[in-house]
Amino acid sequence: MTDRLDVRKTYKLFIGGQFPRSESGRSYPAVDGDGAIVARVAQASRKDLRDAVRAARDAFGGWSGRTGYNRGQILYRVAEMVEDRAGTFSEQIRIGGASKRQADREVAATVDRLVWYAGWCDKFAQVAGNLNPVAGPFFNISAPEPVGVVGVVSPPEPSLLGLVSRMAPALVPGNTIVLIASYQKPLPAVTFAEALATSDVPGGVVNILTGDPAELLPWMAGHMDIDAIDLTGAPADQVAPAEEASAENVKRVVRTATVDSQSPYLIAGFTETKTVWHPKGQ
Amino acid sequence: MSLPAVAEPLPAKPSRSAVQAYVGGVPSVDEVAVTERVSTLSTRSIKRESKMAALELAVRMCDLTTLEGKDTPGKVRQLSAKGVRPDPADPSVPSVAAICVYPNMVPIAKQAVGGSGVKVASVATYFPSGQAPLDLKLDETRRVVDAGADEVDMVIDRGAFLAGRYLEVYEEIREVKEACGPAHLKVILETGELGTLDEVRKASMLAMAAGADFIKTSTGKISPAATLPVTLVMLEAIRDYGALTGVQVGMKPAGGIKTAKEAIRFLVVLNETLGLAWMTPDWFRFGASSLLNDLLMQIRWLKTGRYQSGDYFTKD
Amino acid sequence: MTDTDHTPVLHPAIEPLDWGYASSREAADLVKISERYGLFVDGDFYKPASKRYMTSINPATEEPLAEVAEADEKDVDRAVTAARKAFPGWAKLSGAERAKYLFRIARMLQERSRELAVLETLDGGKPIRESRDVDLPLVAAHFFYNAGWADKLEYAFSGLKPEPIGVAGQVIPWNFPLLMLAWKVAPALAAGNTVVLKPAETTPLSALHFAQIAAEAGLPPGVLNVVPGAGATGAAVVGHPDIDKIAFTGSTEVGKEIRRRVAGTDKRLTLELGGKGAHIVFADAPLDQAIEGVVNGIFFNQGHVCCAGSRLFVQESIADVFLDKLKSRLEKLRVGDPLDKNTDVGAINSAAQLQRIEMLVEAGREEGAEMFQPACALPERGFFFRPTLFTGVSQSHRIAQEEIFGPVLSTLTFRTPDEAVEKANNTPYGLAAGVWTTKGSRILWMADRLRSGVVWANTYNKFDPASPFGGYKESGFGREGGRHGLLAYLKAEGL
C-alpha cells in the first residue's frame with residue numbers, strides 16, 4: 001500500500017484558451033485497450049461547439065494578422081512543449097493499446113510533423129503564390145490567404161499524430177480551428193491542449209472538444225460561421241450528411257486519402273487564393 | 001483626411017500657399033485607365049451624315065500653323081490663302097479658324113487673311129522654350145497684339161512649374177492675359193515636357209485659374225505632342241473648372257494630329273467629355289499643319305465616292 | 001472665382017452640329033445560324049433522344065433565332081459514355097500533342113472571331129463592342145494560354161506528378177457563354193480530361209458553333225461533348241455516376257444544390273457562384289478614372305457579371321462631387337441595339353432576368369433609397385433596362401445585400417478605411433472588390449483585408465487567362481485561370 005493517494009487530472013475541454021467543463025455537465029468514460037475505464041472526459045455539446053466557434057472567430061483576425069515568421073516560431077514552440085511531455089503522451093497513447101515502441105514513435109513523429117509545418121509558415125505563400133503575367137499594363141499577383149475558421153474531425157487513430165496532422169496544415173496560413181478529438185482515445189488530445197496552452201498559441205486559435213462526432217459533426221457542418229471543414233477523420237457514414245449540410249454556407253470540404261500524411265498541398269486546402277490587380281503607369 | 005476632390009476656386013490675388021493648396025487639391029490621374037478610356041472611345045463610329053459635318057467642323061476648328069525658323073512672308077501668304085479658302089475646287093468648304101504664326105509674321109498674315117473672318121494667332125512669350133525674363137515676354141505679347149493678332153498662344157514656364165513654383169507660373173499667365181487686352185489667350189502647357197498626366201491636370205487647373213481662355217497641349221516642337229490621353233485629361237480639367245467656377249474654357253490639342261480619322265477621334269472624346277456646348281471653333285481648335293489636307297481629301301471622298309490622291313490638293 | 005475676363009466667342013454663332021453616332025450595326029448575317037441544332041456527342045451532331053427542342057431567342061428583339069436540342073438523361077448518358085470512351089486515349093496522348101489541338105482551336109477562334117462575336121451578341125444581348133473587344137479575344141487567349149500548359153504540367157506544381165481526373169461535367173451560365181466555355185474547356189482538355197459541357201438554356205448557340213470548330217480542328221471524337229438544356233439537363237450531368245469532376249458557374253442557390261447532390265461521392269467539385277462586389281472610392285482617388293471604373297464595374301455586360309461592382313462605397317467627404325460626376329456620366333451611356341457598335345449597354349438576357357431586376361429595383365424604392373436613371377430612350381421591343389443608380393442606400397436594404405445581376409448600382413458612404421473594409425466584407429459573398437486611392441500603402445492594407453478572391457485596385461473588371469479568378473465564402477470555391485486554375489482538373493498523390 002502506497003503512503004500517498006495520487007492526484008488525478010480532470011480531462012476538460014479547451015475553448016478560447018480556457019479549460020471549461022462541458023456546459024452540459026456531461027462526461028464520458030475513456031477506456032483502455034481492455035475496456036477498463038481510465039478516466040472520464042468532458043463530453044462536449046452543440047453549445048460547447050458554438051462557444052468554440054465564437055472563440056475561433058474572435059481569434060482569427062489576430063492569428064491571421066501575425067507574420068508567418070511569428071506563427072512559425074509559435075508552432076515550433078508547440079513542438080517543444082510536446083517533446084517536453086513526451087512521456088505523458090506516450091503513456092496515454094499506450095492506454096489506447098499501442099506498444100511503448102509504437103507510442104514513442106508516434107510522439108516523435110508528432111514533434112517532427114509540428115517542426116515540419118512550423119517551417120512552412122513563412123514559405124508557403126512563396127510556393128503557392130505567384131506573379132501572373134497578364135497581357136496588359138498591370139501588376140497582378142496571387143497569394144494564399146487563410147480561409148477563416150476551420151472545423152476538423154480528428155481521426156479515431158493515431159490519436160495524437162492524427163490530430164496534429166489534421167490541425168497543423170490548417171494552422172500554418174493563419175486559420176483558427178475547432179477540433180473534435182478522437183472519441184475513442186481522447187486523452188492525448190486533452191494533454192495536447194495543455195501543451196498548446198503553454199506554448200504562446202493565442203487563446204481561441206485552437207479549440208479542442210472531446211465528445212461524440214456523431215453528435216457534434218452535424219452542428220459543425222451546418223454552422224454558418226465555419227468556413228472550411230476537414231472530414232478526413234470523420235466516420236464514413238457521416239461524411240455524406242456532413243457534406244450536404246456544408247452546402248448551406250458553401251464550406252470548403254477537405255477529404256484526403258490518408259489521415260496522417262504531410263504535404264504543402266494540405267495547407268493549400270485551407271487557403272483561398274486572392275488575386276490583386278494594379279495598373280502600372282506613371 | 002485628404003484634400004477635397006476639387007479645390008476651392010482661387011481668390012483674385014492668391015497667396016503662395018493658396019496656390020500651392022489649389023494645385024495640391026487637384027485629383028490624381030491614373031494613366032492606364034485614361035488610356036483605356038480613350039481606346040474605348042476610339043471604337044465609336046459616327047454616322048455617315050454626321051461625318052461630313054464633323055469633317056467640316058474640324059476644318060473650321062483648324063489653327064493652320066507654320067512655326068519654323070525658315071518661315072518667310074511668301075510661305076505665310078500662301079498658308080493664309082489656303083486657310084481662307086482651303087479647297088479652291090470646292091468653295092463650299094469653310095475657312096479655317098485661324099492662321100498661327102511667329103510674331104514677326106503677324107502683319108503679313110493679318111494682311112493676307114484680310115476681311116475673311118479668319119483670325120490670326122501669334123505665339124508669344126519666347127515660344128517655344130519660354131525661357132526669358134517676364135518683362136520681355138510681356139513686351140512681346142503687347143507687340144503681337146498691337147500688330148493685329150487676334151489670339152495669343154503663350155507657353156508656360158515649365159521649369160518653374162516642375163520646380164513647384166506655381167505662384168510664379170500663375171502670375172506670369174495673369175500678366176500675359178492682361179497684356180493681351182482684347183486678344184484671346186491660349187496657354188500652352190507643353191505636356192510632353194510635364195512628364196505625367198498628374199502634372200498635366202495640375203497645370204491645366206492652374207492655367208485656367210490664371211485666366212486662360214484656352215488651354216493647349218503643345219508647341220509642336222516636343223514629342224509626344226497632342227495625344228488623346230493628354231487631351232482627355234485636359235478636357236476633364238476643363239469640366240472640373242467649369243463646375244467649380246461656372247467659367248467655360250476652350251481646348252486646343254496641337255501637334256501630331258495628321259489625319260481626319262484622328263481628328264474625329266478627338267471630337268468624339270470632346271463630345272463624350274464636355275458635350276455639344278464645346279463642339280464649335282469657339283471652344284475647340286486643332287493646332288495643325290498637315291491635318292487640313294487630309295480633312296479635305298476625306299470631304300472630297302464623301303462627296304465623290306472616290307478615294308483621293310494628294311496631287312489634287314494644294315500643298316502650301 | 002477669378003476676376004479674369006473670359007471673353008467668349010471668336011466667331012459668329014454657328015448652328016449646332018448634328019452630332020450623331022452611327023446606328024452602325026454589325027451585319028447580323030456575318031454568322032450563319034442553322035434552324036435547328038442537335039447535341040454534339042462523340043464528334044458529331046445528333047438528334048436528341050428526348051425528341052425535345054427549345055427555342056433560343058434574341059433578347060434584343062424577342063425573335064426566335066434557332067431551335068436547339070434539349071438533352072435528357074439518356075442524352076447526357078450518351079455524352080458521358082462517349083467522353084469516358086475517349087478519356088484513355090486523350091489522357092495518354094502526349095501533352096505536346098494535346099497542346100497542338102488547343103493551339104489550333106485558339107487560332108480557329110481568332111479567325112472566326114467576328115462571326116462568333118455577332119452570334120454571342122444575337123443570342124445573349126450583350127453589346128457587340130464587348131463581345132468583339134472583350135469576350136472573343138479572351139476566349140482565344142484562354143485556349144492559347146492553357147494549350148501551353150498541356151506539356152508542362154509537371155512543372156506547374158512542385159512535388160506533384162499530376163494526372164487528369166477523368167470525365168469533367170461542366171455547367172456554364174448565360175452571361176459570358178463562350179468565355180465561360182473557354183474558362184472550363186481549355187484547362188480541362190489541357191490537363192487531359194474529356195468534357196461533357198452543358199451551356200445555358202438561353203445562350204446555347206456559341207457552344208454549338210464551338211463544337212463545330214472543335215470537330216473541324218480534328219479534336220478526337222468524344223473529347224468534347226455538348227448537351228444543351230435547362231436545369232434538368234444540368235442535374236443529369238451533375239448526377240451522372242460516371243462523371244469524375246463537376247465544374248459549375250452560376251447562381252449560389254444552384255451551386256448549393258449541386259454541392260448537396262454530390263455529397264458523399266468522390267466527384268471533385270469547383271463552384272463559381274454569385275457576388276455583391278464592393279467598389280470603394282477614397283477621397284484621394286483619381287476621380288475621373290474611378291468614375292469610369294465604377295461605370296465599367298456595374299454596367300459592363302448589363303451588370304450580368306458575377307463579380308460586378310454592384311455596391312459603391314464612396315468616402316463621405318467627396319460623395320456629392322463624385323455622385324454628381326457619376327450621374328452626368330450615366331447620361332452619356334448609350335443603351336440599345338446590342339449589334340450597334342456604339343452601344344454601351346445592351347439587352348437584358350431574358351424576360352425572367354428582366355423581371356427579377358424590376359422586382360429588386362422596386363424593392364429598393366420601397367425601402368426608401370433614392371433612384372436615379374438617365375433619360376435615355378429604350379427600344380420598344382426586347383428586354384431592356386435603364387442604367388440605375390441608387391443613393392441613400394443602407395446595408396440593410398435588399399439592394400445592398402442581394403445579387404441583382406443587372407445594371408443597378410447601390411451607393412453607400414463610409415468615413416474611414418476600417419469602416420469601408422467592415423462594410424465591404426459584410427456580405428455572404430466574396431468574389432471581387434475594387435479600391436480606388438492614390439495611396440500605395442492603403443491599397444495594400446485594403447487588399448489584405450478585403451475578403452474576396454479578386455481585388456482590383458485602381459481598375460475593375462479585368463480578366464486574363466493567366467490570372468486566377470474565384471470566390472471566398474458563398475461565392476464558391478476553386479479558381480479558374482492561371483496556374484491555380486489547372487489544379488481543378490488534375491489529381492496527384494499528395495493532393
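Two strands count as paired where DSSP finds at least two bridges between them. The model shown in these views is predicted.

**View 1. Open five-stranded sheet of chain A.** The strands of this sheet follow the order S7-S6-S5-S8-S9 in chain A, and their pairing is parallel. Strand S7 (206-209) and strand S9 (252-254) of chain A each have a single partner strand, so these two stand at the edges and one side of each is left without a neighbour in the sheet. On average, neighbouring strands of the sheet are turned by 15 degrees against each other, direction ignored.

**View 2. Pairing of S6 and S7 in chain A.** Strand S6 (residues 176-180) of chain A runs parallel to S7(A), and four bridges join the two. Opposite Val178(A) stands Asn207(A), a residue of S7(A).

**View 3. Largest nonpolar core.** This core holds 169 residues, and Leu102(C), Val195(C), Val196(C) and Phe313(C) are those that touch the most other members. Helix H6 (residues 177-190) of chain C gives the most to the core, with 11 residues. Apart from this core lies another, of 110 residues, including Leu67(B), Val106(B), Ala121(B) and Ala237(B).

**View 4. Surroundings of Val196(C).** Leaving aside residues up to four places away in sequence, Val196(C) touches Val76(C), Ala79(C), Val80(C), Ala83(C), Val167(C), Gly169(C), Asn225(C), Val227(C), Val237(C) and Ile243(C).

**View 5. Contact between chains A and B.** Five residues of chain B are in contact with five residues of chain A. The side of chain B that touches chain A comprises two nonpolar, one polar and two charged residues.

Methods
Residues numbered from 1 in each chain as written. Chains lettered and ligands numbered in written order. Predicted model: local features only at pLDDT ≥ 70, side-chain atom pairs only at ≥ 80, totals over all residues. Axes fitted to C-alpha atoms, helices over the stretch in contact; angles between N-to-C directions. Core = buried A, V, L, I, M, F, W, Y, C linked by C-beta atoms within 7 Å. Buried ≥ 20, exposed ≤ 12 C-beta atoms within 10 Å, placed from the backbone. Contact = placed C-beta atoms within 7 Å. Nonpolar A, V, L, I, M, F, W, Y, C, P; charged D, E, K, R; others polar.
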